[in-house]
Structures are given as C-alpha cells and as structure tokens.
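This note sets out a reading of the structure shown below in numbered points. Please keep the sequence and the 3D view at hand while working through them.

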Amino acid sequence: MQEIRFKQFYHKADKFLNQYVNTGLPIILLGVQKDIAWFEEVSSYTKNFIQSISGNYDYFNEKQLADISWPVMFEHLQHQRKLLIKELEEKVGSHLVITGIQHIWQATKDGKAFKLLVEKDYRQSGFTTDGGYQFHERPTDKAYKIVTDAVDDIMEMVLDSGGQVFLTDNNLLKDYQHIAL
C-alpha cells in the first residue's frame, strides 16, 4: 500500500512539473534511493534526468542543495558544449553554418535561426538600415539606427522565433567570428 501511495504522489508531482519543465531541460534528482526509483518509474521526464544523488536531504536549504547539485550540472553543461562544438564543426562542412554578426543578423531577420552559439562575453554594437533589416558595424550613407548590443538583440530574435541559444566559453568560437548560427 505504501508503494502505491508513494507512486500516486510522485505521479501528481510529475504532472506538477509540466508548468516548469521545458523539453530538454536537465533534471537532477536528490533523495532517498527508494523514492528516486519510484519517481523514475512514473515520471514522463526520464529522458531529462541527468543524474540522481542518493541521500536524505529533508533538512537541507536551497544553498546546500545547490552546492550538491551544481558540480553535476556543471559537468553536464560542459559535456553539452563539447557536443555543440562538435556538431558545429560537422555542419560547417555541409555549408549549414552561418558566421559573422552581419550574416547572422540577416538570417535571423529572415527567420532562419535554429541554433545560435555565441561566446559568453561577446558584444558588438553597430547600426541598422532598411528598417532594421540590415546590420552594419560602421555607419553608412543611409539613414541608420544605433544598436548598442547586436548580440543581445540576435539572441532575443532567435528565442522569439522558437530557436535555441547556447553560450560558450570565450575563444571557443574564435574561428567563427565569436558567433555561429
């Protein structure tokens, strides 16, 4: 009876996660091994589980839980970055990669943004013409509008169009002008 009740509870908890978990969002489970096993049996997010950490954490505060989980998350994120860079290198040979902020601005405006990789500290100001459609790093003869951070604007446009944005460590994308789509 206890197992049935716990599984029902974890099934409700899993449904509650719907409002918080996006597809692909990594999840780390912390708890007693038996409870973790029951939750894994009923969860619809098993593909999101990256690791479980067994233990009794009933009296841990958020900071203590973060201290336990962060090394696991950091390792996961580092692994994901390596996979993204590998995928980028493979796509370059197929001519499926756009580099350089001007070309990426244009592709993003055209709605051709699926995955954007950008170095975490890369910033670029510039100027737009043609109603914001063309991006230039220097002022042009045409009437222009100043863009203080084109990288941030591109990231917002990619996310607004349903694309994904991934930040990398600095200099990982130096061969791609610090930004790749």
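Which residues of the largest nonpolar core touch the most other members? The points below begin with that matter, and it should be kept in mind throughout that the model is predicted.

1. **The largest core.** The largest nonpolar core has 18 residues, and those touching the most other members are Ile101, Trp105, Leu116, Ile154 and Ile179. At least two residues of this core come from each of α4 (101-109), β3 and α5 (150-160). The greatest contribution is that of α5, which gives six residues.

2. **The surroundings of Trp105.** Neighbours within four places in sequence are left aside here. Trp105 is then in contact with Thr128, Gly132, Tyr133, Gln134, Phe135, Val147, Ala150, Asp153, Ile154 and Met157. For instance, Thr128 is a residue of β4, and Gln134 stands opposite Thr129 in strand pairing.

3. **Strand β3 and its partners.** Four of the five residues of β3 are buried, so the strand is mostly covered. β3 pairs with β7 in the parallel sense, over five bridges, and Val118 has Leu167 of β7 as its bridge partner. With strand β8 (residues 179-180), β3 pairs in the antiparallel sense over two bridges; here Leu117 stands opposite Ala180.

4. **Glu119, a buried charge.** Glu119 belongs to strand β3 (residues 115-119). Does a salt bridge accompany this residue, or is it absent? Glu119 is buried yet has no salt bridge, and the nearest side chain of opposite charge, that of Lys174, is 8.1 Å away. A polar atom of the Glu119 side chain does, however, lie 3.0 Å from the backbone nitrogen of Asn171. Not counting residues up to four places away in sequence, Glu119 touches Thr168, Asp169, Asn170, Asn171, Leu172, Leu173, Lys174 and His178.

5. Thr168 lies in strand β7 (residues 164-168). Why does Thr168 count as buried? The reason is that its relative accessibility is 2%, and the cut-off for buried is under 20%. Residues up to four places away in sequence again being left out, Thr168 touches Arg81, Ile85, Leu117, Val118, Glu119, Lys120 and Leu173.

6. **Strand β4 and its two faces.** In a regular strand, side chains alternate between the two faces of the sheet. In strand β4 (residues 126-129), Gly126 and Thr128 point one way, while Phe127 and Thr129 point the other way. Are these residues buried or exposed? All of them are buried.

7. **The partners of β4.** Strand β6 (residues 145-147) pairs with β4 in the antiparallel sense over three bridges, and Val147 in β6 is the bridge partner of Gly126. Strand β5 (residues 134-136) also runs antiparallel to β4 and is joined to it by three bridges. In that pairing, Thr129 stands opposite Gln134. The hairpin of β4 and β5 has four residues between the strands, and in it Asp130 takes a positive phi near 55°.

8. The structure holds seven salt bridges. Among them, Glu3 and Lys7 form one whose closest N and O atoms are 2.9 Å apart. Both residues lie in helix α1 (residues 2-16), four residues apart, which is about one turn of the helix. Lys7 also forms a salt bridge with Glu41, the closest N and O atoms being 2.6 Å apart. This pair links distant parts of the chain, since Glu41 is in helix α2 (residues 33-42) and Lys7 in helix α1, 34 residues apart. Glu3, Lys7 and Glu41 are thus linked in a network of salt bridges. Glu3 counts as partly exposed because its relative accessibility is 40%, whereas Glu41 is exposed, with a relative accessible area of 53%.

9. The side chains of Asp67 and Lys63 meet in a salt bridge, at 2.9 Å from N to O. Both lie in helix α3 (residues 62-93), four residues apart, or about one turn of the helix. Asp67 is partly exposed, with a relative accessible area of 46%, and Lys63 counts as exposed because its relative accessibility is 56%.

Definitions and conventions. Residues are numbered from 1 along each chain as its sequence is written. This is a predicted model: local features need pLDDT of at least 70, side-chain atom pairs count only at pLDDT 80 or more; totals for chains, interfaces and linings use all residues. Side-chain values use heavy atoms; hydrogens and water are left out. Buried means under 20% relative accessible area, exposed over 50%, partly exposed in between (1.4 Å probe, protein chains only). Two strands pair if DSSP finds at least two bridges between them. Lys and Arg count as positive and Asp and Glu as negative; His and the chain ends are not counted. A salt bridge is a side-chain nitrogen of Lys or Arg within 4 Å of a carboxyl oxygen of Asp or Glu. A polar contact is a pair of N or O atoms within 3.5 Å; within protein, one must be able to donate a hydrogen and the other to accept it, and residues adjacent in sequence count only if both atoms are side-chain atoms. Contact means heavy atoms within 4.5 Å. A nonpolar core is a set of buried Ala, Val, Leu, Ile, Met, Phe, Trp, Tyr and Cys residues joined through side-chain atoms within 4.5 Å.
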